[in-house]
Amino acid sequence: MKATDQIKRAALNKTMDYLLENPDRNLGKIMDMVDKVVPADFFASQRKAMRTAIEGDNNWHDLLLRVLDLNPQIRDSLLKMLVVDANLMAWPRQEAMREKYRCNIPWTVLMDPTSACNLHCTGCWAAEYGAKENLTLEELDSIIEQGCELGTHVYIYTGGEPLVRKRDLIEICERHPDCAFLAFTNATLIDEEFCQEMLRVKNFVPAISVEGFEEATDARRGAGTYRKVRDAMRLLAAHGLPFGVSCCYTSENADSIASEEFFDWMIEQGALFCWVFTFMPIGADAPTELMASAEQRERLYHFMRDMRTKKPLFTIDFWNDGEFVGGCIAGGRRYLHINAAGDVEPCVFAHYANANIRETSLLDALRSPLFMAYYEGQPFNDNLLRPCPILDNPGRLAEMVQRTGAHSTDLEHHEDASVLCAKCERAARAWESRAERLWRDPGDPMHDRRNSPGQGMSEADMHKLERLERAHPVASDARKDTAAEREAEPVS
């Protein structure tokens, strides 16, 4: 680390120490101190939102207080690492690497430590995998070492059920105290011993999979799963440990997930965040009838935005929130996925690759043909409410896979990308008209921001578009609106 970076890191950590010494007294001063350390344009919108949370009497302020109420044994170290190491210090290096190598550099890397799982959930592509594939401890460690060189300090475990390998995952936490680790878990393996390990390493956070209330959860995950999830949440909350919830949004649980009652329940259990993923028909035998309808997706769009004004819970809808992050975040733009066989995939829902981490470096994987197709193609639509190359832009993934010679990486049955895209085409066509109406709605709270070039984009994103001579989607959309207005004007 450069001397100037060491000085900045020390100053930021000192600021965090000041806050955590007495949050009630010092909370109001914290953003003034941060503003003195970092440039005015650095994370400007995020810092504005944080200032609003600190200074206002609102749900975001309540969420901040919930975070500060965590067990001090883990809270101080985790917050300092997340705020300073994983974001304020990491992001500038990621941006520099994006400019240097002219490819995507991820904010986080998703990894499958194992293909094994102790459950057999309906519609899950890993349900038939078994324990046939595993990334070794040293392979996991190497991926993180390489990622840190690029500025990536957040790592998320998927699977399989990652806590099947919980001893190795804890050791990785010990080896990398400057990184944050999160696991998508069914929670059935969380016990007292694991809670004590979380308190010791201080940089591990579970995201517990819940499908809604008991009937919805047990329907897809098996009888008794909801009770085990609830017990795990109670155990984590009793220790003052941070955790969140991961929800797969399907046609069957749509009413359960998009309900204020369910959000209140998550908050009561102690969850700090909720990440919603729409069901994708990945795999040869995936039940397409579980895909949410366009009507259900639009309802979720409005519901999530309403909850963000009311509830002390950090929420992300990974399909409908494309406008906040400049479209698709896969292909290494903000994240990538490495499966248990080492295949480096652009997305956890796109099981195709040109590279395997056992044969190439992480950086070279990011510059492989399929990843560069993502890099050059993002955003895949001028309407950022249609971000996905699988679900929202029919055939786009299949075209990239065919053009780059990528192969299927599914561990059970190889699936042609054109087959996957075909399964999603009806849903994509049904969503298109709704997305266009929402995107152009002048009454939508996001409407003005949609007309601001750079919305959801980093500086490196904008520079890429300039190099490729592509208009930012907002600028392109503005031209369409202007042309439409001219055509509508009466002829004098």
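**Core and cavities**

In the largest nonpolar core, which has 136 residues, Tyr157, Phe204 and Leu397 touch the most other members. Such a core is a set of buried Ala, Val, Leu, Ile, Met, Phe, Trp, Tyr and Cys residues joined through side-chain atoms within 4.5 Å, where buried means under 20% relative accessible area with a 1.4 Å probe, protein chains only. Helix H6 (residues 72-88), a DSSP run of H or I with at least four residues, gives the most to this core, with seven residues. Because domain 1 (3-81) and domain 2 (92-375) both contribute residues, the core lies between them; the domain bounds come from an automatic or database assignment.

A word on the basis: this is a predicted model, in which local features need pLDDT of at least 70 and side-chain atom pairs count only at pLDDT 80 or more, while totals for chains, interfaces and linings use all residues. Residues are numbered from 1 along each chain as its sequence is written, and side-chain values use heavy atoms, with hydrogens and water left out.

Let me turn to the cavities. Searching the whole structure gives four of 30 Å³ or more, a cavity being a set of points on a 1 Å grid over the protein atoms alone where a 1.4 Å probe fits but cannot get out; volume is the space filled by probe spheres set on the points.

Notes. Buried means under 20% relative accessible area, exposed over 50%, partly exposed in between (1.4 Å probe, protein chains only). Helices (H or I, at least four residues) and strands (E, at least two) are DSSP runs, numbered from the N terminus. On a 1 Å grid over the protein atoms alone, a cavity is a set of points where a 1.4 Å probe fits but cannot get out, and a pocket is an open set with protein on both sides within 12 Å along at least five of seven lines; lining residues have an atom within 4 Å of a point.
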